[in-house]
Amino acid sequence: MKHGCAPLTTALVLGLACLATPGRADVVSDGSTLNSMVRYFVDSGHVTVRSLINDYALPLEGDAALTVHWNNEHVTIPAIQAPVGSPEAIDAITTASRPISGNAYQDYVKTRNEFEGSLTKGPAAVDGYYSIEEDFVGRQVGAHYNRDLMSAMNLAVVGSYGWDDIKPLPDDRTSTPPSERTTKHVSAVGTQILGPASLLRYGLELNVVDGLQHNPYRNVFAGGTHVPERHPDHRERRDAFVKFNQYLPNRSSMKLDYRLYNDDWGITSHEIETDLDQYITHSFSAHYEYRYYTQTRAYFYQSEYATVNGVDGYLSGDYRMNVLSSHLFGASFHMDMDALAASHTFFGRMAVWLNYERYFNSNNYSADILETGLDFHFQ
Amino acid sequence: MTHARRRTLASSLITALALAALLGLGSGCAANAPAYQREHLVDRIMSFDADARASARKMKTFEAREGSTGGVGGAGGGCACK
């Protein structure tokens, strides 16, 4: 395995297995939970993603807990929607964000599986992540430690290292060789009680990414011809965020979030989000959200490039590198079945929820996201 | 505004936020709540962590459609291409 991380992964897996063994920490008979959900995503380009997500949390003795996460995704990128040989079809094929090999006039379908595990012991946690799809394998190991500094203050530090293998599929228009990418992450997060009904969280994050960071299937029109997209191999991404939660007198809460992001590609972004949660009955609650996002463009992004050398040798057809703003509206409903606990013990351990989000941005892109889930408490 | 000036401004803002956070750490939380007054703070609708899974899913969605990342207090993962 690359980067010498195989021993680290093996140690993590063995560590998780040992700590989860009854000889080390006996499993507590109650308190475990299973959360299952279905997520359906469809955007204005008719890309669809169906996700089946399962999370299992198992409390262990000695202030420890084990969590396992599995996500199975089915992604469909539609066929080129233009007559064969037409200028529109040629343009769509040459700038496609999917592999084009042979027939571009049929859907491209791929499956992605994602696994995560974490072991928490007191204030410390270790976690591992593995994601696999046809042209991509992602891995990550991380550690987390938090400490109460005062009676109303907690500070957490997080570090992780990720390493990905990118193996582009055969493509008629590009020939990107197999590549790698690494991500180093550190963050510090403070959580503070401001009063009997107010919480504040703030943090700083730094991500350093090295390796392939452009779409290996996309071409850019430059100097009168189409050439493969090319982004810098190094990117330093940092952000700071503040989250404020306020409990309101009528059994509701209001949340205000702000995030400032900046990277060395020249992108600076601002994000604000507000959420309102309201109990309608003892066990039925509603959640409403709005998010606004705006960003500047990367220094090498241009709508047209005069030469194939682009800007400092870089070319991008990725609209995420351009000036952009977006809005998101969402609403969700959550119902605990505990009212049924006296007569139907089984149903009394359940909660069900439904979530809908509408996203749209200044690039004439929009998406609808529908999620529904079931939470089950085993005891 | 030039690219260099924008970067300087953003770096200054992040530094200012960091300093503000550190000042918050040292303030001693004069307005904090005794344990018996924290009933509302542990309610599900006040929890930062109850939102964590949803925040992580949203971050992956946004990473594939916007140029920035972060804000959930943890690292992301996976391929940002569709």
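## Hairpins in chain A

A hairpin of two linking residues joins β5(A) to β6(A); strands here are DSSP runs of E of at least two residues and helices are runs of H or I of at least four, numbered from the N terminus. The model is a predicted one, in which local features need pLDDT of at least 70, side-chain atom pairs count only at pLDDT 80 or more, and totals for chains, interfaces and linings use all residues. Residues are numbered from 1 along each chain as its sequence is written, while chains are lettered from A and ligands numbered from 1 in the order in which they are written. β5(A) and β6(A), the latter covering residues 136-150, pair in the antiparallel sense over ten bridges; two strands pair if DSSP finds at least two bridges between them. Tyr129(A) stands opposite Gln140(A) in β6(A).

β5(A), residues 124-133, also pairs with β4(A), residues 108-121, again in the antiparallel sense, over nine bridges. Leu119(A) has Val126(A) in β5(A) as its bridge partner. Two residues lie between β4(A) and β5(A) in their hairpin, and Gly122(A) in the turn has a positive phi of about 60 degrees. Another hairpin is made by β10(A) and β11(A), with two residues between the strands, where Gly223(A) takes a positive phi near 55 degrees. β10(A) (residues 219-222) and β11(A) (residues 225-228) run antiparallel and are joined by four bridges. Ala222(A) stands opposite Thr225(A) in β11(A). As a general point, side chains in a regular strand alternate between the two faces of the sheet.

## Chain A as a whole

Chain A has three helices and 18 strands. Of its 379 residues, 31% count as buried. A residue is buried if 20 or more other C-beta atoms lie within 10 Å of its own, exposed if 12 or fewer, and partly exposed in between, with C-beta atoms placed from the backbone. Among contacts in chain A with a separation of 6 or more, 57% come from residues 24 or more positions apart. Two residues are in contact if their C-beta atoms, placed from the backbone, lie within 7 Å.

## Nonpolar cores

Which residues make up the largest nonpolar core? There are eleven: Ala152(A), Met153(A), Ile193(A), Leu199(A), Leu200(A), Tyr202(A), Leu204(A), Ala240(A), Phe241(A), Leu260(A) and Tyr261(A). A nonpolar core is a set of buried Ala, Val, Leu, Ile, Met, Phe, Trp, Tyr and Cys residues joined through C-beta atoms within 7 Å. At least two residues of this core come from each of β9 (198-211), β12 (234-248) and β13 (252-263) of chain A. β9(A) gives the most, with four residues. Apart from this core lies another, of six residues, including Phe41(A), Val49(A), Ala367(A) and Ile369(A).

Leu200(A), one of the residues of the largest core, is in contact with Gln192(A), Leu194(A) and Phe244(A), leaving aside its neighbours within four places in sequence.

## Two partly exposed residues

His377(A) lies in strand β18(A), residues 365-377. His377(A) counts as partly exposed because it has 16 C-beta neighbours inside 10 Å. Neighbours within four places in sequence aside, His377(A) is in contact with Thr33(A) and Arg349(A). His377(A) and Gly31(A) are 346 residues apart in sequence but 6.7 Å apart in space, C-alpha to C-alpha.

Val323(A) sits in the loop between β15 (284-295) and β16 (324-336) of chain A. With 15 other C-beta atoms within 10 Å, Val323(A) is partly exposed. Beyond neighbours within four places in sequence, the contacts of Val323(A) are Gln295(A), Thr296(A) and Arg297(A). Between Val323(A) and Pro99(A) there are 224 residues of sequence separation and 27 Å in space, C-alpha to C-alpha.

## Chain B

Chain B has two helices and zero strands, and buried residues make up 26% of its 82 residues. Helix α2(B), residues 52-63, has twelve residues and reaches 16 Å from its first C-alpha to its last, close to the 16 Å expected at 1.5 Å a residue; the expected span is 1.5 Å times one less than the number of residues. Its buried residues are Arg57(B), Lys58(B) and Phe62(B). These cover an arc of only 135 degrees around the axis, so they are on the same side of α2(B); the arc is that of the directions from the helix axis to the C-beta atoms.

## Confidence

The model scores ipTM 0.77 and pTM 0.83. Chain B averages a pLDDT of 64, and 41% of the residues score at least 70; pLDDT is the predictor's confidence in each residue, from 0 to 100. Over residues 25-31 of chain B the pLDDT is below 50, and this stretch has ten contacts in the model beyond near neighbours in sequence.
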